[in-house]
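Dear colleague,

I am passing on the structure below, and after it you will find some notes on what was found. Please read them with the sequence and the structure side by side.

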Protein chains: 2
Amino acid sequence: MALIVQKYGGTSVGSPERIKNVARRVAKFQAEGHQVVVVVSAMSGETNRLIELAREIQPHPDPRELDVVIATGEQVTIGLLAMALKQEGVRAKSYTGAQARILTDSAFTKARIVSIDEQKILTDLDNGNVVVVAGFQGVDENGSITTLGRGGSDTTGVAIAAALRADECQIYTDVDGVYTTDPRLVPEARRLKSITFEEMLELASQGSKVLQIRAVEFAGKYKVNLRVLSSFLDEPGEGTLITFKEDDKMEQAIISGIAFNRDEAKITVRGVPDKPGIAYQILGPVSEGNIDVDMIIQNVGVDDLTDFSFTVHRNEFTKAMDILRNQVQPHIGAREVIGDDKIAKVSVVGVGMRSHVGIASKMFRTLAEEGINIQMISTSEIKISVVIDEKYLELAVRVLHKAFGLEQEDA
Amino acid sequence: MALIVQKYGGTSVGSPERIKNVARRVAKFQAEGHQVVVVVSAMSGETNRLIELAREIQPHPDPRELDVVIATGEQVTIGLLAMALKQEGVRAKSYTGAQARILTDSAFTKARIVSIDEQKILTDLDNGNVVVVAGFQGVDENGSITTLGRGGSDTTGVAIAAALRADECQIYTDVDGVYTTDPRLVPEARRLKSITFEEMLELASQGSKVLQIRAVEFAGKYKVNLRVLSSFLDEPGEGTLITFKEDDKMEQAIISGIAFNRDEAKITVRGVPDKPGIAYQILGPVSEGNIDVDMIIQNVGVDDLTDFSFTVHRNEFTKAMDILRNQVQPHIGAREVIGDDKIAKVSVVGVGMRSHVGIASKMFRTLAEEGINIQMISTSEIKISVVIDEKYLELAVRVLHKAFGLEQEDA
């Protein structure tokens, strides 16, 4: 018998029929002898409907009151799912975030979980109940309702799993696991049986929509076993287990996957005086414009001048260029500011590359053989990212996937 | 400066535009120097939408979970109204039933209020806030969400007014007060400036939809001044004050109004053996069939036989007749069971009639002069009700309204 936390997103509970499907799956797990806590999101579309309603009242809704309004989305789902479970003959009990005592700070609309009172849930489980908890929401120490921000339901699932010391936190989603790369791009892409938290973090930060990066961080911190599964398959299979252990299997897998991202644009400031404080003088105004920066590269300077490059989200490219040309360039006396929003970022991710030299050179050689020019490079302990011309993205991902042998079964 | 509780029903908060109107009205009250607590219902249609959703999951929804689902209706409204108030520049704070610590018993979907923790609300008021509380809902001692049943929002308003010792509880509705009778029937019908609780109770029990009978009872018990006002008039005027005092004015008003009801049907069991226990033998099976009985009349018997009459809701007429003919009649050996669903009940209500003889005879004479036959009569301390043929209803109400001088201004 295991204690399992299952999290179902908005699409998985998007209609009464789907809620009944979830109930049947949960009932099956309980019948197999497991204790189950279910964390649910609002029915798909509901949160947006509530936000729209709030905006009709107040263009910039008061954060405390906005949370009061949008927290109702998950509250409806927990009630409906508990009913559906009872209809299946399963004992069930629902809890809002406040009722489960998911204590958060008071940062309305983007609160962080401080603690969870697990005692009530454990007692219910011991009495044979399936416990249904509203994701995405909590309560602050004044008793005000808070929400955790987008993707917060994943975080709730992980936090409850951590508090209950659950054997596993299962995230049901619309894909059946984490893949070596996007199967729409590379038909040979393969579902990974397991992956480490660090790799998952790198993949998530590269635009993988499978899991919210915050939930992955949380799971890593509290050593919660996370599993990604499909909620739409009758037999969800094993999905992908995200572990905090680099087990024997993992040691042998050098590269776990190829991530990519078409949402970025690159900007280069040319002929920058190579002196202390220059990075701040360039990025300070960008950051003040509320623009997030991803890759940042500065090479060794020549003749006291250097080039400074970074990437921003494509939606903010024009705004960032304006700031740099109008505020930064005249101020620091740079030669020119050039930009390109027709780029793509491709990353090779794998915890195994720590102890294997030659990954980078294999990556660069593979791309060179296809005539793909590398515009920028940045590396971390378990990731190598390159920026290339957008038109070569599919080709690059395909040849790298093959070069690193990712189509083969897990070793 | 007064402390006022205002309650707005579902129609009054039925759209973002209407919620903004309510906010403007509340802001005006506060600007006049009053402290205001607002109690709101769910936006019109919302509760029914949620119940339908629940029924799609479970034909007879689990009561605890149904309350979790439908309590979201009022929760959305409190958030939106608090936003609208802030948009008007008013400090405001919303509370769900649980947050306001409206403690109830655990009778889900029809809970009763046990106590309210007024301290938090009073502190907020003293800090210059308008406090917005969700009507219709509370929390039991286990922390489960409860609802008070239909019309519960009025009860919440009164209960909060009682707990805060408010100067007045104002119920905003779609009529501008309590009338001497239905103005659609009698154009001369006049709004009453004030009415006693006992009279209001009788009027409410006669089908007046202005106030829920439960809220009136509650107000009477805790001596809360209730006022009925229109939420759709720019200047709501004075409405009708429902007082627990029979003040000097009231002493002089013998009759306050004419109530009527077309929803009933009468049933007579003829030739019943006149012996102890017979009333129970007749009404027991009816009550077991979950049929409510209103008027009950048994006259003095002749030759050890008597006739037993009562009225039921017209929707349950057929069911009641079946029970009586198949279960009761053979069992007690009654001669026959006859029924009529083409009846109407007309009541003359007034606390003044206690000390005035002749009201009954004036009522009966007035009806007789119009050739209207009286089929049943029942009386209470402050009410005389008669059952007549349905086709004479309008005529009866009109002539009685005139006979008792109700078209004249309050004395």
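Angles under 35 degrees count as roughly parallel, over 145 as roughly antiparallel, 65 to 115 as roughly perpendicular, and the rest as oblique. This is a predicted model, in which local features need pLDDT of at least 70 and side-chain atom pairs count only at pLDDT 80 or more, while totals for chains, interfaces and linings use all residues. Residues are numbered from 1 along each chain as its sequence is written, and chains are lettered from A and ligands numbered from 1 in the order in which they are written.

Within chain A, the axes of helix α5 (residues 152-164) and helix α7 (residues 213-221) come within 8 Å and cross at roughly 10°, and α5(A) and α7(A) are therefore roughly parallel to each other. Helices here are DSSP runs (H or I, at least four residues), numbered from the N terminus, and axes are lines fitted to C-alpha atoms, over the stretch in contact, with angles running from 0 to 180 degrees between N-to-C directions.

Turning to the two chains, the contact takes 29 residues from chain B and 29 residues from chain A, where residues are in contact if their C-beta atoms, placed from the backbone, lie within 7 Å. On the side of chain B that touches chain A, α3(B) gives the most, with 15 residues.

Chain B can be laid on chain A with an RMSD of 0.2 Å by a turn of 179° and a shift of 0.1 Å along the axis (superposed by least squares on the C-alpha atoms of residues with pLDDT of at least 70 in both), and the two copies are thus related as by a two-fold rotation axis. In chain B, the C-alpha nearest the axis belongs to B:Thr72, 2.8 Å from it.

With best wishes

Notes. Helix = DSSP H or I, 4+ residues; strand = E, 2+ residues; numbered from the N terminus.
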